[in-house]
Amino acid sequence: MNTFVIAALLALVPIGGALLLFFRTLSSRQNSDMSMSGRLVLSPGKYRPMERLLQEADFRFLCTQPGYSPQMGRRFRVERRRVFRAYLRSLKRDFASVSLALRTLMLHSAEDRGDLAAAVVRQRLSFAAGMLAVEGRLLLHAAGMNSLDVDVRGLVASLETMQAQMRELLTPPQTALA
């Protein structure tokens with residue numbers, strides 16, 4: 001009987017540890033229920049640096065500097081891609097947040113907005129296709145095809161469009177005064 005109790009306790013220790021880790025992870029996350037107004041103040045302008053991060057001009061300039069080595073150039077490219085990917089993750093999170101807020105607003109709207117729902121679906125598909133294209137370009141960039149342009153303006157434009165649609169939904173309709 002003692003052996004059975006010890007074996008059962010030993011089996012429960014990893015489960016308890018996993019539950020503790022899960023609880024700590026959930027409790028340390030920021031509250032994902034950001035207010036609608038908080039989702040409106042996202043600034044797509046914060047993604048402007050992405051447009052320059054992988055431009056070839058910066059790499060060519062680095063090559064002309066005294067003390068340049070190919071290893072330094074590779075490290076510079078890797079770091080630039082790392083920063084670019086961090087921006088990309090942030091853009092994806094912001095888009096998902098605005099998309100969720102917009103869908104929630106449409107669900108709770110007093111009037112049926114089928115036109116807006118179709119526009120949201122198109123924007124989400126466009127954003128997903130844009131993300132795939134950017135990820136493909138990043139893979140090619142990492143493989144050494146550095147002359148390829150990684151353009152994120154379409155992704156940022158999708159975020160701006162979603163925010164504009166959300167503002168439109170939140171703005172009360174203007175009534176004509178008699």
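What follows is a conversation about some of the labels and the values behind them.

Tutor: This is a predicted model, in which local features need pLDDT of at least 70 and side-chain atom pairs count only at pLDDT 80 or more, while totals for chains, interfaces and linings use all residues. Residues are numbered from 1 along each chain as its sequence is written, and side-chain values use heavy atoms, with hydrogens and water left out.

Student: Why is the pair of Y47 and Y87 called edge-to-face?

Tutor: Rings of Phe, Tyr and Trp (its six-membered ring) pair if their centres lie within 6.5 Å, and planes under 30 degrees apart count as stacked, over 60 as edge-to-face and the rest as tilted. The ring centres of Y47 and Y87 are 6.4 Å apart and the planes stand at 70°, so the pair is edge-to-face. This pair links distant parts of the chain, with Y47 in the loop between α2 (36-40) and α3 (50-53) and Y87 in helix α5, 40 residues apart; helices here are DSSP runs (H or I, at least four residues), numbered from the N terminus.

Student: What makes Y47 buried, and what is Y87, buried or partly exposed?

Tutor: Buried means under 20% relative accessible area, exposed over 50%, and partly exposed in between, with a 1.4 Å probe and protein chains only. Y47 has a relative accessible area of 1%, so Y47 is buried, whereas Y87 has 25% and is therefore partly exposed.

Student: Why is the pair of F59 and F76 edge-to-face?

Tutor: The centres of the F59 and F76 rings are 5.3 Å apart and their planes are at 75°, so this pair is edge-to-face. F59 belongs to helix α4 (residues 56-63) and F76 to helix α5, 17 residues apart. F59, at 2% relative accessibility, counts as buried, while F76, at 26%, counts as partly exposed.

Student: How do you know that R77 lies over the face of F59?

Tutor: A charge sits over a ring if NZ of Lys or CZ of Arg is within 6 Å of the ring centre and within 35 degrees of the ring normal. R77 is at 4.0 Å from the ring centre of F59 and lies over its face.

Student: Why does S97 count as buried?

Tutor: S97, which lies in helix α5 (residues 70-107), has 13% relative accessibility and therefore counts as buried. The C-alpha atoms of S97 and L159 are separated by 10.0 Å, although these residues are 62 residues apart along the chain. L159 is one of the buried residues of α7.

Definitions and conventions
Helix = DSSP H or I, 4+ residues; strand = E, 2+ residues; numbered from the N terminus.
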